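Grab a pencil and work through these exercises with the model open beside you. Each task comes with a solution to check yourself against.

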Protein chains: 2
Amino acid sequence: MPERVYLNDVGPRDGLQNQPKHLSVEERLELIEALRAAGLEQIEIGAFVSPKAVPAMAGSDQIAHALKHGEASYSALIPNRRGYDLATAAGVKTVAMVVYGSDAMAEKNVGMSSAEAEAATLDMLLQSKSDGIEVIATIAVAFVCPFAGPTDPAIVHGLAQRCLAAGAARVVIADTIGAANPAQVTALMEGLVEDNGADKLACHFHDTRALGMANVYAALQAGIRHFDASIGGLGGCPFAPGASGNIATEDAAMMLQSIGYDTGIDLNKLLAASDLAERLTGTAPGGRSKPWLGPYLDKGQVI
Amino acid sequence: MPERVYLNDVGPRDGLQNQPKHLSVEERLELIEALRAAGLEQIEIGAFVSPKAVPAMAGSDQIAHALKHGEASYSALIPNRRGYDLATAAGVKTVAMVVYGSDAMAEKNVGMSSAEAEAATLDMLLQSKSDGIEVIATIAVAFVCPFAGPTDPAIVHGLAQRCLAAGAARVVIADTIGAANPAQVTALMEGLVEDNGADKLACHFHDTRALGMANVYAALQAGIRHFDASIGGLGGCPFAPGASGNIATEDAAMMLQSIGYDTGIDLNKLLAASDLAERLTGTAPGGRSKPWLGPYLDKGQVI
C-alpha cells in the first residue's frame with residue numbers, strides 16, 4: 001500500500017485574497033467544487049476578515065453556508081474572536097489562525113506583537129474545545145522574515161509546542177516568502193518531528209526561489225505528510241516583499257504521485273481545476289509542470 | 001571550510017543550440033567571458049557538429065581558438081572522430097560525448113543504436129589517452145526516455161562503469177526531459193556512487209516539471225558534487241518532446257550557497273551574466289529565483 005500524503009489546497013483563500021480580480025461567491029464555489037471533484041479533502045475556503053481590508057474574501061460566510069461540512073475538511077482563516085464567531089455561525093468546523101516567527105511580520109500583518117498574536121490563537125484554542133471546532137495554527141515566517149532576517153528555530157519550536165499543547169489540530173510551518181532552503185527545512189522539521197511527532201505538523205512553501213518542490217521533498221524526508229499548496233500556483237503575500245506564489249497543487253501532487261505516494265488526487269481533474277483557476281483569475285500562473293503534464297496524461301502514460 | 005560543489009555551465013552550448021536566434025561568435029564569447037567573470041570554472045563553449053544540422057553552433061572553432069584553455073575547463077560537444085579532430089585542432093582540451101539510456105533516443109538524436117553511440121565514445125576515450133585530452137560522457141535519458149519510457153537503472157550502471165573504466169574524466173547522468181523525481185534520483189545516484197565513487201559523477205537536470213532543484217538536492221544527498229546548469233535557464237532538447245530548459249545556473253548557485261556550499265561563484269556577477277543571456281537571446285527565461293535574488297543582493301542581505 002502506498003503511503004498517504006495530504007494536500008490542503010489554500011487557493012480559494014491564500015491564493016485568491018491578493019488577486020487583482022475579485023471572484024464572485026459563485027466563482028469561488030465553482031473552484032472549491034472543482035478541487036473537491038479532483039479529490040482534495042482539505043480546502044481553505046475563505047477568510048472571516050474585514051471586507052474593507054481584504055475585499056476579495058467578502059462573502060466567505062455565503063461560501064461556508066453553501067458547502068457540506070464533513071464531506072471534506074473546509075477550513076477558513078480567522079484573525080480573532082469576531083472572525084471565529086462569524087465562521088462558526090456560518091458552519092465552519094475548522095478555523096485557521098496565524099502566529100508569527102517575528103514581531104516585525106506580526107506588526108506588518110496584523111498590527112500586533114508576536115506574543116499578542118499567539119495569545120489570540122491560544123484564546124481561540126481554549127474556546128474551540130467546548131465548541132467542537134478544530135483550530136489550525138500557521139507559524140508565518142518560520143524560516144526567514146523579510147524584515148527581521150533568519151528566524152531562530154527555538155522560536156518556532158516554542159510556538160509549535162505551545163499551540164499543540166493547547167490543542168491545535170495541526171501546526172503549519174510556513175516559509176511565507178519562499179526563502180527557506182531544503183537543508184534548513186530538513187533540520188527544522190526533523191527537530192519538530194522529534195519533539196512533537198509528524199501527525200500534527202504540516203509545511204507551507206512558496207516557490208519564490210525555485211525551491212518549492214525541493215523543500216517539500218526535504219520535509220517529506222523529515223517525516224512530514226501534510227502540505228499546503230495552491231491550485232495553479234495562485235498566491236503571494238501582500239505584506240511580504242518579494243514573495244511570489246504558493247507551490248502549485250498540481251506540481252506537488254505530480255511529484256508525490258511520481259515518487260509513489262497516494263494523494264487521493266485525480267491528476268486529470270486537478271489540471272481541470274487549475275485551468276479553471278487560470279480562467280477565473282486571469283493571473284494564476286499554473287503549475288510549472290502543467291505544460292508537460294497535460295499532454296503526457298492525455299497519452300495515458302504513467303507519470 | 002564549506003564543501004565545494006562544482007557547476008558546469010552548459011548555456012553556451014546546450015542552451016544556445018536550440019534558440020530561434022543564432023548568436024554571433026562575438027556574442028557567444030561575450031557570454032562565456034561573463035560566466036568566467038562570475039567564477040564559473042567549467043563551461044561548455046560549443047559543439048563541433050555539422051553547421052547544417054545545428055547552425056547555432058557554427059564557428060565553435062573560432063570560439064575555442066579565442067579562449068585561453070587552462071584558465072578554466074572549456075569543454076565542447078563532439079559527436080564523432082571528425083568532431084574530435086576539429087575540436088582538438090581548435091585547442092579544446094575537454095570533449096563531451098553522449099551515450100544513451102535507450103535505443104529510441106539514440107536513433108532520434110544521432111541515427112545510431114545505443115551500442116553504436118557507446119562504441120563511438122569508447123573509441124574516442126581510447127584515442128584521447130595518447131592525446132592528453134579529457135572526455136566527459138553524458139548518459140542521456142538516464143531516468144526516463146520520452147519514446148521508450150522508464151530507463152532500466154542497470155543500463156545506466158553498465159554505461160557508467162564502461163565509460164569510467166575506459167578513462168572518462170566524468171560521467172554525467174542526464175534527466176534529458178526533466179521527468180525524474182527526487183526519490184528516483186537518490187536511488188540511482190546512491191547506487192552509482194557506491195560502485196564508482198562520487199568524484200567522477202555529475203548530474204544534469206531540466207526543470208520541465210518544477211523538480212530541477214529538488215533533483216539537485218536529492219543528488220547532493222547521494223554525494224554528487226558536480227552539476228550541469230545553464231545560465232538564465234537556457235535550453236531544451238529539440239528531439240525530446242516536452243523538454244523545457246535546463247536548470248538555471250543562478251537557481252542552482254543560489255540554492256547551493258544558501259545551504260552553505262562553496263560554488264566559487266559571485267552571485268551578483270552571475271546575475272549580470274544571466275541578464276546578458278536574456279538580452280542576447282531574447283528568449284532566455286532567466287532563473288526563477290532572479291526577480292527575488294537581485295533586489296535581495298542589492299540590499300547587501302545574506303542569502
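**Exercise 1: a strand and its neighbours**

In this predicted model, strand β2 (residues 42-47) of chain B is mostly covered, with six of its six residues buried. Work out which strands flank β2(B) and how the chain gets from β2(B) to β3(B).

*Solution.* 
- Start with strand β1 (residues 6-9) of chain B: β1(B) runs parallel to β2(B), and two bridges link the pair. To find the spot, look for N8(B), which sits opposite Q42(B).
- Now turn to strand β3 (residues 73-77) of chain B, which also pairs with β2(B) in the parallel sense, over five bridges. Here I43(B) has Y74(B) as its bridge partner.

**Exercise 2: the core**

Find the residues with the most contacts inside the largest nonpolar core, then list what I173(B) touches.

*Solution.* 
- The largest nonpolar core has 206 residues, and the top spots for contacts go to A76, I139 and I173 of chain A and A76, I139 and I173 of chain B.
- Leaving out residues up to four places away in sequence, I173(B) touches I139(B), A142(B), V156(B), L188(B), M189(B), L192(B), L201(B), C203(B) and H204(B).

**Exercise 3: where the chains meet**

Describe the side of chain B that touches chain A.

*Solution.* 
- Count first: 24 residues of chain B contact 24 residues of chain A.
- Next, the elements: α8 (182-196), α9 (212-221), α10 (249-259) and α12 (290-298) of chain B each give two or more residues, and α10(B) gives the most, with five.

How values were computed: Residues are numbered from 1 along each chain as its sequence is written. Chains are lettered from A and ligands numbered from 1 in the order in which they are written. This is a predicted model: local features need pLDDT of at least 70, side-chain atom pairs count only at pLDDT 80 or more; totals for chains, interfaces and linings use all residues. Two residues are in contact if their C-beta atoms, placed from the backbone, lie within 7 Å. Helices (H or I, at least four residues) and strands (E, at least two) are DSSP runs, numbered from the N terminus. A nonpolar core is a set of buried Ala, Val, Leu, Ile, Met, Phe, Trp, Tyr and Cys residues joined through C-beta atoms within 7 Å. A residue is buried if 20 or more other C-beta atoms lie within 10 Å of its own, exposed if 12 or fewer, and partly exposed in between; C-beta atoms are placed from the backbone. Two strands pair if DSSP finds at least two bridges between them. A crossover is right-handed if, with the strands pointing away from the viewer, the path from the first strand over the helix to the second runs clockwise.
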